[in-house]
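Biologist: I would like to learn how to read a model of this kind, one feature at a time. Could we begin once the structure is on the screen?

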Amino acid sequence: MGLVVKVELQGNGVYLAGERVSCTITLTNDGISTKTIAWMGAQLHCQCSHRRDLKLSGTTATILSSPVTDTTFVPNRDEPGMTLASTPTVVLVCNLTLQPQENRTVLYSDTIPAGGPPSFAGHLVQYKYKMTVGAQELGFPTRSVRIPLRVLTAPESLTCHTPVQSPPTGNPYLSPKEQQNPTLEEALHMLTTEASRRASMSYTLKSTYGVLGRLSLFKSSYKLGEDIIGSFEFSCDAVTCLQLYVMLQSMEEINEEFVPSSSARIKPNCTAHAHHIECCHNTKQTHFALPVPQNVTQSFKIHAVKLQWQLHFEFVITKQPPRELVKASVTPCLAGSKANLWQGLQPVAMESMTWNLPVTILPTLPLHQTHKPHTLVL
């Protein structure tokens, strides 16, 4: 079969910016002859791809691309878009000879650059973090494998900084020494505290006919995977609510500075993630619970794009009092029968009322998601 390079992430495949990523790389010679690895290197990088009518700046992969037969290591070779951030390339193996059926294990560890966006697969802009491991067998072209990583970022007030490093030596064969930095643990603790903080908020909803009711929420910030719980109390005086519709939406908006003047204005892209619908005629009090999916992106804002979250409410209301809505006609089903046919009031003058309430979605702790081992055959 030849030379097999197996890359396996240690721990979760979800990380917080500023956290260290470690993987185990196993090199196995499955052939019947001796194999020599000229070199093997690894790098972490963040790729940004966007719509063609946007003007974002960065290091494009096209400029760095080179023929496949080259022996150089270009982590973003043939990658769409541009590279926003990357770590220095680390040389893991150099001039390694493996006998038939022999294997060696190498540990690679590096820190995800802080200060960038989280992993985001939007309709206008996408940010993808990857670990690229490349190797070259003597006499053969370079081959590489890319392992996707999901990166979460702490809010600006809880930003964790990268570990302090010693001055670079200029030698790619030597790893820089890092000092202990408790900022990451503090950010995780503050993140948990911020998401668990409760502050009950009430909103009085009014229409052109009068007060509709009151909405109560326990807090305004929620972590990925949590439930957004709210309760309604309808006044049922001047306005009657016939139907309630609540939707959790994300709004992807591009900074106008990155839209060419010749192009039309790009409207924010709205995506629905959860909804709740309820017929609330003759209802004085009700509640809703919307789950925040685990696989969505938190609220964030950078120079080019921002992602905001909101609760979108739609009310079907009428100004007819409830006592008029319950009037019905009762007619006998059959002549001489005691059974009667009840028919509710049909012609109802109603209209819709909408309202958007901003909420903040925070990252969760990097748990409950793993990646399968990735194998590269040379």
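Biologist: How many bridges join E4 to strand E6 (residues 82-86)?

Modeller: Strands (E, at least two residues) are DSSP runs numbered from the N terminus, and two of them pair if DSSP finds at least two bridges between them. In this case four bridges join E4 to E6, and the two run antiparallel, with Gln-47 standing opposite Thr-83 in E6. Please keep in mind that this is a predicted model, in which local features need pLDDT of at least 70 and side-chain atom pairs count only at pLDDT 80 or more, while totals for chains, interfaces and linings use all residues. Residues are numbered from 1 along each chain as its sequence is written, and side-chain values use heavy atoms, with hydrogens and water left out.

Biologist: Which strands run antiparallel to E4 over seven bridges and over 13 bridges?

Modeller: Strand E7 (residues 90-98) is joined to E4 by seven bridges in the antiparallel sense, and Ile-37 there stands opposite Leu-96 in E7. Strand E10 (residues 125-137) pairs with E4 over 13 bridges, again antiparallel, and in that pairing Met-40 stands opposite Ala-135.

Biologist: Is strand E4 largely enclosed or open, and how many of its residues are buried?

Modeller: Buried means under 20% relative accessible area, exposed means over 50%, and partly exposed lies in between, with a 1.4 Å probe and protein chains only. In strand E4 (residues 35-50), 15 of the 16 residues are buried, so the strand is largely enclosed by the rest of the structure.

Biologist: Which residues have the most contacts inside the largest nonpolar core?

Modeller: In soluble globular proteins, nonpolar side chains tend to be buried together. A nonpolar core is here a set of buried Ala, Val, Leu, Ile, Met, Phe, Trp, Tyr and Cys residues joined through side-chain atoms within 4.5 Å. The largest has 78 residues, and those with the most contacts inside it are Ile-25, Met-40, Met-131, Leu-311, Phe-313 and Phe-315. Strand E20 (residues 305-318) contributes the largest share of this core, seven residues. For Met-131, leaving aside neighbours within four places in sequence, the residues in contact (heavy atoms within 4.5 Å) include Leu-9, Cys-23, Leu-44, Tyr-108 and Ile-147.

Biologist: How many aromatic pairs are there?

Modeller: A pair of aromatic rings is described by the distance of the centres and the angle of the planes. Rings of Phe, Tyr and Trp (its six-membered ring) pair if their centres lie within 6.5 Å, and planes under 30 degrees apart count as stacked, over 60 as edge-to-face and the rest as tilted. The count comes to 10 aromatic pairs. Phe-232 and Phe-234 are stacked, because their ring centres are 5.8 Å apart and their planes lie at 5°. Phe-232 also forms an edge-to-face pair with Phe-315, at 5.7 Å centre to centre and 85° between the planes; this pair links distant parts of the chain, 83 residues apart, with Phe-232 in strand E15 (residues 227-234) and Phe-315 in strand E20.

Biologist: What is the mean pLDDT of the protein?

Modeller: pLDDT is the predictor's confidence in each residue, from 0 to 100. The mean is 80 for this protein, and 76% of its residues reach 70 or more. Over residues 58-68, however, the pLDDT is below 50, and this stretch has 21 contacts in the model beyond near neighbours in sequence. Residues 178-182 also have pLDDT below 50, with 10 such contacts.
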